[in-house]
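Hi,

Here is the structure you asked for. My notes follow below it.

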Amino acid sequence: MNISMNMESSSSLSSSLSCNTKKRKNAAVGAHVKAKRLKTEQEGDEALQSGRLSCSPRVSVPLDCLQQPITLNELTELLHYAALGKTGGIKQPSWCRLRHQRKVKGLNVVIVEGLTQSHFYKHYLSLRHLRTKYTTRVTFTPSCNNVASGIFSSELPTVDCVYFSKPENDMHNALKGHPVIAKFGTQRRGLTAYVLTQEEMIKKHYPVKGMPGFEEFVSTDSVDCVTDSSPLYGLDCEMCLTEKGNELTRVSVVDSDGNCVLDHLVKPKNRILNYLTRFSGVTAAMLRPITTTLRDVQEKLRKLLPGDAVLVGHSINNDLMALKLIHQHVIDTSLLYRREFGQRFKLKVLAETVLKRQIQTEEEKGHNPTEDAVAALELAQYFIKTGPRQVVELHLEQLWGYTIEEEESSDCKLAPTPSLRFADVLQLLGRSVAFFGKRSDVALNLSNQRWYSSDKEMLESFKRQTKHPFLSVVQFSSFSDHLKRRFPHRERLHRSVCADLRDMCVVFAGPFPAGFSEREVRRLFRCCGPVGRIKMLNTSVRVHAEVEFELLEGATLALKTLNGLNVQGQHMKVQRPVNESLLDLDLTLDTLTDDILNTSHLYAVKLKPSVAECIKISAEVNGHTLDRKCSGVSPVNGLPAAKTDQLQLTDTRSKLSEETVTETFGRFGTVERVILPAKPGKHTRHACIKFQSSEGKHAALSSSKDLRQENYLICQSLTPPHLPSWVAMATPVTTIGGDGEAAEDENKTNMGHSSQDLEMDHMMQKLDRRLGKLFRSLPDGTLSAVVLLGHTSVNGHLPGLCLMEVKQGS
């Protein structure tokens with residue numbers, strides 16, 4: 001590839017680094033990637049043309065909207081339309097297009113804390129899933145601190161009363177599909193109605209006498225039948241992890257009045273591997289003097305419990321398994337307050353919602369089994385006393401997420417005036433919503449929140465779901481937490497990332513004749529694209545320059561066209577910076593070229609005729625500088641510096657317009673769009689051309705020699721369409737201390753640059769794998785959005801990134 005050969009031509013400056021082997025390897029990989037590129041692009045074009053994807057929902061952003069950042073408001077506009085569509089009175093968002101909205105089966109938003117758009121492109125090679133599976137990217141600027149809460153509580157612009165009304169005309173019919181009503185009916189009954197039958201216990205893996213696997217379990221002396229006046233006993237246990245699995249470490253029993261009648265620490269039989277103190281509250285110091293064994297506890301329970309006792313617990317099968325105890329009559333509160341699709345409420349959630357009591361608080365170290373036993377007992381007593389119908393009516397909104405009013409209105413019977421909150425409307429329509437992540441302040445009912453201590457635990461739970469919520473918001477926090485611990489000076493890290501990205505747009509050029517000015521360097525190099533910063537590097541003998549382009553394509557064309565140019569009798573070298581951050585640059589550029597966003601895009605520059613005659617481009621660069629002397633004119637090569645002003649002569653033939661570009665490149669294929677990123681009041685000489693298919697782009701690249709005769713320089717697009725400028729995207733956060741302090745901090749950061757990059761790459765790969773697993777677990781037809789939140793501090797803001805895709809069937 002040309003870029004790698006240009007770098008080889010600069011070996012005189014880079015021979016001190018032992019990276020040639022790696023460069024050759026990257027070039028080989030790049031060649032292999034290029035070999036597969038055309039086949040992949042053609043297959044994609046054929047799929048679209050054959051109509052295989054024509055009926056599937058698809059999301060896209062028009063080119064004229066791509067370079068405008070979106071906020072949370074724009075994202076929620078899309079989610080509203082995807083969920084409700086025009087039938088619900090929601091208009092198509094102006095900034096994007098969602099085709100076949102009615103075929104969208106669900107919505108999934110993944111929020112990644114701590115990542116910016118700059119991180120995405122700095123570690124672009126490591127994010128294989130994100131860069132290949134998501135076909136739409138747009139810069140994201142959060143408009144609030146809590147994006148998850150903002151999604152659930154976002155207000156709908158309109159509500160169609162008919163759309164949200166329910167056809168039922170009485171409360172019984174309205175509630176008959178509720179899981180609690182479906183199981184227990186609407187009538188209030190005694191406790192025996194809620195005692196699990198033997199069939200239910202066997203089905204849900206409770207210890208049952210005579211069943212295989214429970215031969216060593218101890219049975220209580222229970223009567224065959226209990227009555228509605230039988231006593232209730234609350235039970236809760238805590239466990240630790242031993243060599244043989246989970247074993248009992250503490251047991252608590254309370255009577256029907258809530259009095260503790262048994263509370264014992266228990267010494268496990270096997271060696272303890274983990275005390276699980278975080279959950280159990282039990283420590284090694286607490287168990288050290290304990291001599292009570294499991295057998296002792298079993299005997300005490302057999303003596304304590306009357307023959308007609310009914311044990312009550314929350315997921316009490318786990319407690320009985322830890323006790324190795326068989327008891328015939330149990331009530332499980334996790335099965336009383338039933339949820340859809342077999343899911344269960346946490347005891348903490350039920351206590352907060354129903355009993356208005358806080359348990360398992362963060363202030364306490366571990367659970368208190370006596371407190372949990374009392375909570376389970378009171379939940380069962382409340383359910384029995386109140387009856388299933390009234391329990392559902394009283395807690396319908398708080399626990400199950402929607403409301404039904406008994407009072408009928410003339411317009412919408414049995415449907416209250418709907419809340420305009422997005423989450424409320426979805427639940428009113430019977431579509432479930434859920435938040436997955438660390439405990440946080442989310443504007444959503446506790447019953448719809450699932451909290452996890454790690455991203456790994458959350459991902460495994462999400463994948464195990466038999467039925468996914470219609471709207472799920474998943475928040476990954478581990479990456480941000482790790483960054484805070486590992487890199488406390490995060491702004492230094494951000495500046496380092498931004499500096500690495502800017503280096504991709506930088507070339508070093510020289511030597512120039514003595515007295516060659518910055519202005520003349522700018523005139524020369526802007527023939528390849530818009531030039532940003534120029535830094536002159538003067539010595540007592542030679543003049544060199546560091547040129548920073550705004551676009552990656554500008555630096556690429558400069559390497560191909562200006563390297564070896566004869567400037568006033570001196571052959572100029574143009575080469576990339578040589579540092580650690582750019583060792584994989586060739587592979588990165590190849591992958592960007594192969595990016596699905598750039599499949600049909602081409603970069604073109606219109607040269608002034610005077611400049612075009614000065615630059616005679618060789619078809620091949622063989623690793624040595626070429627003498628590109630001009631013929632028949634007075635070019636830069638042989639002119640004194642004072643006469644280079646003629647390169648600034650106005651020439652209308654060098655100015656681009658959509659019409660001229662479309663006319664020139666339309667002969668290679670249908671031109672879908674021409675992007676001319678000109679500043680207001682100024683003309684531009686470079687353009688991004690989007691063909692309808694990749695064939696048009698390849699046809700133009702094959703005709704690059706002919707286009708040169710028309711004063712066009714072309715190359716494959718590298719800068720993703722949503723970025724108006726690569727350098728602007730890589731603008732670092734400024735510091736209060738000023739430029740000197742920023743430079744000093746950056747130098748300190750760069751001291752550990754290599755090890756930091758390796759660590760960050762590893763973290764990015766792990767994150768990308770997890771996001772890939774989550775995406776694969778989504779049902780087909782789910783609109784998936786991954787939001788990198790960006791970084792905001794008192795010193796500035798680095799934008800995030802929103803990636804979108806509708807998962808298609810295999």
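Strand 6 (residues 232-242) and strand 10 run parallel, joined by three bridges. Two strands count as paired if DSSP finds at least two bridges between them. Gly-234 has Val-312 in strand 10 as its bridge partner. Strand 10 also runs parallel to strand 12 (residues 330-332), again with three bridges. There, Val-312 stands opposite Ile-331.

This is a predicted model: local features need pLDDT of at least 70, side-chain atom pairs count only at pLDDT 80 or more, and totals for chains, interfaces and linings use all residues. Residues are numbered from 1 along each chain as its sequence is written, and side-chain values use heavy atoms, leaving out hydrogens and water.

Which way do the residues of strand 10 (residues 310-313) point? Val-310 and Val-312 point one way, Leu-311 and Gly-313 the other. All are buried (under 20% relative accessible area; exposed is over 50%, partly exposed in between, with a 1.4 Å probe and protein chains only).

Helix 27 (residues 585-593) is mostly covered, with nine of its nine residues buried. Among them are Asp-586 and Asp-590. Helices are DSSP runs of H or I, at least four residues; strands are runs of E, at least two; both are numbered from the N terminus.

Last, a helix pair. Helix 19 (residues 369-386) packs on helix 20 (residues 388-400) at about 110°, axes 6 Å apart. So helix 19 is roughly perpendicular to helix 20 (65 to 115 degrees; under 35 is roughly parallel, over 145 roughly antiparallel, the rest oblique). Axes are lines fitted to C-alpha atoms, for helices over the stretch in contact, and angles run from 0 to 180 degrees between N-to-C directions.

Best wishes
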